[in-house]
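Subject: Structure handover

Hello,

The structure is below, with notes on what was found in it. Please read the notes with the structure open.

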Amino acid sequence: MKILKILMVLVLVTLAALVVIPLIVLAGLFVWLKLTEEGDEESLELDQENV
């Protein structure tokens, strides 16, 4: 019975990792996109002023 409990915990931890890790990656990409978006807008404004 103890082995069965250990296996169930391992399965739950694995499933949790499969859900949490991609969410962390997506959150990091979203933050990176928001941070780089401001720089893109500034460069676009500078380009429009130069034209």
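**Salt bridge**

Searching the whole structure turns up 1 salt bridge, meaning a side-chain nitrogen of Lys or Arg within 4 Å of a carboxyl oxygen of Asp or Glu. This is a predicted model, in which local features need pLDDT of at least 70 and side-chain atom pairs count only at pLDDT 80 or more, while totals for chains, interfaces and linings use all residues. Residues are numbered from 1 along each chain as its sequence is written, and side-chain values use heavy atoms, with hydrogens and water left out.

The partners are Lys34 and Glu37, at 3.5 Å from N to O. Both sit in helix α1, 3 residues apart, or about one turn of the helix. Helices here are DSSP runs of H or I with at least four residues, and strands are runs of E with at least two, numbered from the N terminus.

Lys34 is partly exposed because its relative accessibility is 41%; Glu37 has 34% and is also partly exposed. (Buried is under 20% relative accessible area, exposed over 50%, partly exposed in between, with a 1.4 Å probe and protein chains only.)

**Chain and surface**

The protein chain has 1 helix and 0 strands. Of its 51 residues, 0% count as buried. Its accessible surface is about 5,000 Å², with 75% belonging to carbon and sulfur atoms; areas come from the Shrake-Rupley method with a 1.4 Å probe, and for residues only the protein chains shown count as cover.

Trp32 lies in helix α1, residues 2-50, and counts as exposed because its relative accessibility is 55%.

Regards
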